[in-house]
Amino acid sequence: MKVICTEKSQILGSRLAEALEADITDARFARFPDGELYVRAGGLDTEMVVVGSIVDSDSFVELLLLIDACADAGTTLVIPYMGYARQDRQFNPGEPVSARAIARALSRGVDHVITVNIHEDSVLSHFDVPAASVSLAPDIGAFIRTMGCKDPLILAPDGGAAAFAAAIAAAGGWDCDELKKTRLSGDHVRIEPKTIAAAGREVVIVDDIISTGGTLATATAMLYEAGAAAVHTACVHGVLAGGAYARLCHAGVRSVAASDTIESASSRFSAAGRIAAAIRTP
Ligand code: R5P
C-alpha cells in the first residue's frame, strides 16, 4: 500500500502514511502554459490511498487526476474536508445539489471513500461506492484536555453540532450545552437568546467547520455578556475564510484550534490516526 496526496494535503497525507506504516509517493504538481493542472505520480503500488481535501477547485481537479493516475490500482479515496458538502440539497430552484455532483465525479475509479466529520451523513449516499465519515470528537476532547481549562463548558453553537459537542464533552466528563442558530446570510447568523451557565467559566465552543467565523463570533459575544471568563474555539475543519481568524480574535476568542484536514497555523491536532484506523478496519 502507498499513499499519494494533493498539494494542499501534504502534511496530513504524510502523517497518514506514517500511521499506516506505508510509503508516501512523490507526486509532482505543475501547470501547462494555458493554466491546466499537471500531476505526475512517482512509484505506484497495487493498493493506493489517495488523499486530498477539497479546499478549492484546483484541489478537486488534482484529486480527479490522481485517481486517474492510480487507475491500475485498488484505490481508497480519503477526502478529509469535503468542500461543497454544505450544498447538500436544492435550497432554491435552479440550484445544483453540489455535494452530489462532487461525490459522483469522485466515485469513478475508487473502491471506497473515507471522509472526516462530513457536514451531513446523507452526503455519503451520493457516492456510488461505499463511503464513511470518521469523527474527531474524541481527538478534540483529548486536545481540550491539554489546554488545561478548569471544568470547561463545551458549547454547540447550533442543534446540528449538539451530538458532536456531547461526544466531545463525554471524552472529558465536562458539562455541555447548545445554542439555537438561524443563518441570515453567508456570514451573518442570529442566535436565540438563552441563559447559559457561563458566568466565571472557560467555555470551548465546538463545531464541525469554522468558515467565516460568523457563527462563533456571535456566540462568543453572547457568552461574554453572560459573564464567561474566557472563550476558546475548536473545530474539525478550519476553513477560516474571509478574515475569520481576525474576526474571532476581535470578538475576544482566546484560541482557535482545528485539525489538519485543512492545513494552517491553526491545525493543532491530526485526523491521521482516525483515518488510518478506518482504512485498517473497513
Ligand atoms: C453549519 O451548519 C456548520 O456546522 C457551521 O456552523 C458553519 O459552517 C460555520 O460557518 P461560519 O463560520 O461561516 O459561521
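Trainee: How many salt bridges does the rule find across the interface of domain 1 and domain 2?
Mentor: One. The rule wants a side-chain nitrogen of Lys or Arg within 4 Å of a carboxyl oxygen of Asp or Glu. Keep in mind that this is a predicted model: local features need pLDDT of at least 70, side-chain atom pairs count only at pLDDT 80 or more, and totals for chains, interfaces and linings use all residues. Residues are numbered from 1 along each chain as its sequence is written, and side-chain values use heavy atoms, with hydrogens and water left out.

Trainee: Where do the domains run?
Mentor: Domain 1 covers 2-134 and domain 2 covers 137-269. The bounds come from an automatic or database domain assignment. Over C-alpha atoms, their centres are 28 Å apart.

Trainee: How many residues of domain 1 are in contact with domain 2?
Mentor: 14, and they touch eleven residues of domain 2. Contact means heavy atoms within 4.5 Å.

Trainee: And what area is buried between domain 1 and domain 2?
Mentor: About 1,100 Å², with 53% from carbon and sulfur atoms. That is the accessible area (1.4 Å probe) lost on putting the two parts together, summed over both.

Trainee: Switching topic: which side chains does Asp260 meet in a salt bridge?
Mentor: That of Arg15, at 2.7 Å, N to O.
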